[in-house]
Amino acid sequence: MDWNNFYDKLLNFGPFLEHSNEIWSGFLATIRLSAMAAVLALVLGTLLAAMRVSPVSVMRATATMYVNTLRNTPLTLILLFCGLGLRDTLGFMAQAAPTVSGYWLAVAGLSAYTAAFVCETLRSGINTVPIGQAEAARSVGLPFSQSLRLVILPQAFRAVIAPLGSVLIAMIKNTSVALVAGYFEATATMKQLFDDVGATVPLFFGFAIGYMILTLPTGLLFGWLAKRMAVTR
Amino acid sequence: MMDSAPAVKAVAANGNDAPLVELKNVNKYFGSVHVLKDIDLVVRRGEVVVVIGPSGGGKSTLCRTINRLESIDEGTILIDGQPLPIEGKALARLRSEVGMVFQSFNLFAHKTILQNVTLGPTKVLKLSKAQAKEEAMRLLERVGIAHQAEKYPAQLSGGQQQRVAIARALAMHPKVMLFDEPTSALDPEMIKEVLDVMTDLAREGMTMVVVTHEMGFARNAANRIVFIADGQIVEENTPEEFFTNAQSERAKDFLSKILVH
Ligand SMILES: Nc1ncnc2c1ncn2[C@@H]1O[C@H](COP(=O)(O)OP(=O)(O)O)[C@@H](O)[C@H]1O
Ligand SMILES: [Mg+2]
């Protein structure tokens with residue numbers, strides 16, 4: 001065994017230090033994608049959850065179909081469709097510059113996918129809210145939409161803050177397949193560096209730790225929020 | 001409290017005799033179970049009607065159909081001459097005119113006591129925050145909870161929560177108040193504080209439909225007792241007549257069970 005080669009290939013901190021700028025901008029791209037997709041997934045997921053408990057059967061059916069489709073399709077497939085299907089076939093260009101359009105295509109695919117999970121999490125939260133809360137809301141004269149918005153959803157959200165944190169952590173890690181939609185983020189950067197300068201252990205751990213720096217605080221934040229915002233009955 | 005009885009009844013007697021709540025030939029099924037059978041009931045303005053009867057007889061269902069928390073299969077329900085709308089905004093508006101107090105209080109768990117009382121007035125009646133707060137504080141004062149306005153429901157005792165629930169309903173200026181066993185979930189020492197608030201309301205002329213087994217309240221505050229068993233109104237009478245001289249076997253049997261102790 002060639003120990004020099006082993007050292008050069010695997011334990012050489014050189015590439016990691018030399019390319020720290022690229023690593024940093026890779027993660028910036030990951031953060032930009034995560035943040036936008038998280039916001040949109042929460043909004044769309046909430047809307048879907050509202051539709052799933054709505055008294056209008058068409059809305060319920062639409063939302064159910066959406067959730068079942070998106071939740072049971074591999075994310076890579078969805079992102080490939082966004083990247084190839086939406087951009088090339090349908091001729092959809094969010095922006096002229098390819099990297100920008102890759103961003104929005106990845107945001108679209110990732111948030112559409114994550115929204116299905118947000119919806120189901122929130123729906124389980126709605127199920128924890130006692131029926132009497134909705135009845136009281138209706139009794140004071142609040143129409144369905146306001147009962148949901150002012151009484152049911154706020155309590156449902158508080159009940160599922162911790163599981164929502166898990167959904168967001170999964171989403172942050174899922175950004176790593178955004179390359180297939182044409183978006184260049186941290187994992188794509190790592191692959192590029194592996195191709196260019198070789199797959200070294202410091203590079204790998206650098207990226208792995210980079211993801212943890214994003215996900216661990218997310219988990220801690222949501223755990224803390226869950227405790228702080230819990231509704232006592 | 002005994003002394004207040006004649007005063008309570010005088011208000012109703014002087015009140016407008018127009019029907020405020022009218023149920024005509026109301027039928028309701030839960031699946032194949034016939035829970036309300038040909039119910040005809042008129043509650044006049046200022047009247048206090050106490051609904052009693054054995055468990056499972058349909059008292060809660062009757063109460064809940066009046067603000068359409070339960071739909072009905074046949075018949076009509078009029079509130080102040082208007083039929084209950086099927087759904088939507090019109091129903092919501094009509095519901096705001098019918099106050100409801102539940103056995104399990106159902107205060108909004110994520111809102112403070114004050115917010116519980118102001119939510120309806122600000123969102124439904126479109127009162128300003130300041131107006132709503134002022135009135136809420138007056139109502140909370142009246143039920144003796146003003147000093148706890150910033151607390152959350154879980155921090156209050158059952159009796160206090162139920163008094164807040166009454167204030168919350170009153171904040172909507174309802175034409176009629178429905179109470180579904182408002183003291184059944186309370187420890188004995190808290191029952192009186194809630195009944196006192198209800199007796200005051202009755203004395204002030206509020207139209208009330210009260211499902212309760214509190215015979216003291218029924219005797220003191222009710223103008224009429226409606227006895228329901230197996231989904232039917234079996235007997236209707238003044239409290240005096242009903243408690244001393246019930247006509248039906250069902251009512252006699254029921255009274256013998258609850259009055260022996
Ligand atoms: N949501 C429901 N679904 C099915 N059956 C019900 C429901 N609510 C009440 N019932 C039935 O209707 C009947 C009347 O119930 P209820 O009105 O609660 O009686 P009460 O309040 O007099 O005890 C009972 O037989 C009860 O089991
Ligand atoms: Mg009942």
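How far from an oxygen atom of ligand 1 does a polar side-chain atom of B:T61 lie? I looked this up before anything else. The distance for B:T61 is 2.5 Å. I count a polar contact as a pair of N or O atoms within 3.5 Å; within protein, one must be able to donate a hydrogen and the other to accept it, and residues adjacent in sequence count only if both atoms are side-chain atoms.

**Ground rules.** I am reading a predicted model, where local features need pLDDT of at least 70, side-chain atom pairs count only at pLDDT 80 or more, and totals for chains, interfaces and linings use all residues. Residues are numbered from 1 along each chain as its sequence is written, chains are lettered from A and ligands numbered from 1 in the order in which they are written, and side-chain values use heavy atoms, with hydrogens and water left out.

**Ligand 1.** I went on to the other contacts of the ligand. B:S60 puts a polar side-chain atom 2.7 Å from an oxygen atom of ligand 1. B:G58 uses a polar backbone atom, 3.0 Å from a ligand oxygen. On its own, ligand 1 has 560 Å² of accessible area, and the protein covers 58% of that. Such areas come from the Shrake-Rupley method with a 1.4 Å probe; for residues, only the protein chains shown count as cover.

I then listed the shell, taking a residue as near when one of its heavy atoms lies within 4 Å of the molecule or strand. The residues around ligand 1 are B:F30, B:V35, B:P54, B:S55, B:G56, B:G57, B:G58, B:K59, B:S60 and B:T61. Helix α2 (residues 59-66) of chain B gives the largest share, three residues. I take helices (H or I, at least four residues) and strands (E, at least two) as DSSP runs, numbered from the N terminus. By class, the shell has three nonpolar residues, six polar and one charged. Here Ala, Val, Leu, Ile, Met, Phe, Trp, Tyr, Cys and Pro count as nonpolar, Asp, Glu, Lys and Arg as charged, and the others, Gly among them, as polar.

**Chain A.** How many helices and strands does chain A have? I found eleven helices and zero strands. Its C-alpha atoms fill a box of roughly 75 × 45 × 30 Å along the principal axes. Of the 233 residues in chain A, 44% are buried. Buried means under 20% relative accessible area, exposed over 50%, and partly exposed in between (1.4 Å probe, protein chains only). I checked A:V151, which sits in helix α8 of chain A. A:V151 counts as buried, at 0% relative accessibility.

**Pocket and cavity.** Rolling a probe the size of a water molecule over the atoms shows where empty space is left. On a 1 Å grid over the protein atoms alone, a cavity is a set of points where a 1.4 Å probe fits but cannot get out, and a pocket is an open set with protein on both sides within 12 Å along at least five of seven lines; lining residues have an atom within 4 Å of a point. Grid points are joined across faces, edges and corners, and a volume is the space filled by probe spheres set on the points.

The largest pocket holds about 590 Å³ of space. Its lining has 22 residues, and the closest to the centre are A:V53, A:A134, A:R138, A:F144 and A:S147. Two or more lining residues each come from α6 (98-128), α7 (131-139) and α8 (144-159) of chain A and from α3 (88-95) of chain B. I count 14 nonpolar, four polar and four charged residues in this lining.

I found one cavity of 30 Å³ or more. The volume of the largest cavity is about 70 Å³. Both chains line this cavity, with A:A136, A:S139, B:V98 and B:M172 among the residues. Its lining has eight nonpolar, two polar and one charged residues.

Most residues other than glycine have a negative phi. B:H173 has a positive phi, near 50 degrees. I placed B:H173 in the loop between α6 (158-170) and β7 (176-180). B:H173 is exposed, at 51% relative accessible area. B:E181 also has a positive phi, about 45 degrees. B:E181 lies in the loop between β7 and α7 (188-203). B:E181 counts as buried, at 16%.
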